[in-house]
Amino acid sequence: MQKRILKPLVFLLCLLPVVVLVWQLLTDRLGANPIDEVADATGEWTLRFLLITLMATPIKRLFGWGWMVRVRRMLGIFAFFYATLHLVTYLWLDQFFDWGEIWLDILDRPFITIGMLAFVLLLPLVVTSNNMMMRRLGRNWKRLHRLAYVIPLLGVVHFWWLVKADVLEPLVYGGVLALLLLLRVRRKALTGRVAGENCAS
Amino acid sequence: ITIGEVKDGPFSTDENKTDRKDVLTYNNFYEFGVSKSDPFKTAHRMKTDPWSVEVVGECEKPGTFSLEDILAPHALEERIYRLRCVEGWSMVIPWIGFPLADLVKRFAPTSKARFVEFETLYDKKQMPGQRRRVLDWPYREGLRMDEAMNPLTLMAVGLYGETLPNQNGAPLRLVVPWKYGFKSIKSIVKIRFRETQPTSSWMKAGPREYGFYSNVNPNVPHPRWSQKRERRIGELRKRKTLMFNGYEEQVAAMYSGMDLKKYF
């Protein structure tokens, strides 16, 4: 693939879910409870992008495709983008900025607590996702960006605690995450060290 | 069954009715799939004619009755009720049916009958959602005898002036408007009069989360989410959830002196 078109192409692909969602919303295709659908869709896309971001390194290793590593930062930022849409949907269309209620929700409801925690943990990663911060933080940058494994775990639990009876969907996300973590652990065990480029992959 | 003469029943709300299309396409009926859009797509597989209901337990006139026998003596009436789902959304639905109390009396429950239990059809061929054990099939629900005899409690056979669509629980379903929607069991094939409190499918699935009573109560949160507000389907802003879903006047007396936090 041409290097010049890779990033714009991936950028447009990453925007596709929100474009489709807005189109569905405007053309009344989201059914009787569109706000719930928006909340679900943005939440699921957050999880998907978090997991896709973690796939970059294993895919390079297994198939020799390096292009995902080159757009990994963008993928991660899109995970944050969808997380923000998810959070705004909750704050605005679910709670209508009733801060008292929101605060009670965070304190009382573990799935909200853990969702908020996941979002907060995303913030330092986004803020430090540039070359300058990478240089400035040095080794600590890698340490910090290991949060990329913790955040999707929180996301899966957040989803798990939300469903009423059917845990199949969160189970699938959890399974994919477990596989990605396992691939790394195995790698680590085999090489006896953490290869530098894989630290936050 | 065909809906003939229908009179206006009591207790109807004059609130705006939820769009018929939304009532027919947004359903929690796990027997046809866990997504709310599933029942509309797959419920046509259920055969509702012929249909029979088995009546067993603590009553003098048990037996197996055809749907026609069940309905024969009852005059149908329309009742526009609020429906509040435990998930935090609500609708206003014009049901067609008759009081459950009138049906119960026909089976002459004995003095031992303190509860009445209902069961939904269990047939994986007709109900594709039952191939997965999301819940302990067949779906079971129950009421205390006084709840069953309360004049609000309805046996529904139709909505919006027509025969009950399959996805809404054809051909015979319960409507208990002061309780969360899952208590209003659909596609009933069995009625059992019991001395002891039945365990509903949702109680089995989550005993800490779903109690036997499951009365709509904004002051008792679900362990994982608040029940203070609800989104009325078709509206943007949420409304406050009312005690007993706004039917306090008709039902509160049945629970006087009970700790509703304990008996949730």
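What follows is a walk through that chain, then its contact and its partner.

Reply: A word of caution comes first: this is a predicted model.

Start with the make-up of chain A. It has 10 helices and 0 strands. Read from the N terminus, the elements run α-α-α-α-α-α-α-α-α-α.

Next, its dimensions. Along the principal axes, the C-alpha atoms of chain A fill a box of roughly 50 × 40 × 35 Å. The radius of gyration of chain A is 18 Å. A compact globule of 201 residues would have a value near 17 Å, so chain A agrees with that expectation.

Now look inside. Buried residues make up 25% of the 201 residues in chain A. Take the contacts in chain A between residues at least 6 apart in sequence: 67% of them join residues at least 24 apart.

An unreviewed UniProt entry annotates "transmembrane region" over several spans of chain A, including residues 9–26, 46–63 and 144–161. Residues 113–132 of chain A are 85% helix and 0% strand. Here the end C-alpha atoms are 32 Å apart.

Chain A also meets chain B. The contact takes 11 residues from chain A and 15 residues from chain B. On the side of chain A that touches chain B, 6 residues are nonpolar, 2 are polar and 3 are charged.

Turn to the partner. Chain B has 7 helices and 13 strands. Its C-alpha atoms fill a box of roughly 45 × 40 × 40 Å along the principal axes. With 264 residues, a compact globule would have a radius of gyration near 18 Å; chain B has 17 Å, which agrees. Of the 264 residues of chain B, 44% count as buried.

Last, the cores. The largest nonpolar core has 65 residues. B:Trp95, B:Met155, B:Ala156 and B:Leu174 have the most contacts inside it. Strand β5 of chain B, residues 89–99, gives the largest share of this core, 6 residues. A second, separate core brings us back to chain A: it has 25 residues, including A:Leu47, A:Ala83, A:Ile151 and A:Leu154.

Technical notes:
Residues are numbered from 1 along each chain as its sequence is written. Chains are lettered from A and ligands numbered from 1 in the order in which they are written. This is a predicted model: local features need pLDDT of at least 70, side-chain atom pairs count only at pLDDT 80 or more; totals for chains, interfaces and linings use all residues. Two residues are in contact if their C-beta atoms, placed from the backbone, lie within 7 Å. Ala, Val, Leu, Ile, Met, Phe, Trp, Tyr, Cys and Pro count as nonpolar, Asp, Glu, Lys and Arg as charged, and the others, Gly among them, as polar. Helices (H or I, at least four residues) and strands (E, at least two) are DSSP runs, numbered from the N terminus. The radius of gyration is taken over C-alpha atoms; the globule rule is 2.2 Å times the number of residues to the power 0.38. A residue is buried if 20 or more other C-beta atoms lie within 10 Å of its own, exposed if 12 or fewer, and partly exposed in between; C-beta atoms are placed from the backbone. A nonpolar core is a set of buried Ala, Val, Leu, Ile, Met, Phe, Trp, Tyr and Cys residues joined through C-beta atoms within 7 Å. UniProt positions are given in the numbering used here, feature names are shortened, and annotations may be inferred rather than shown by experiment.
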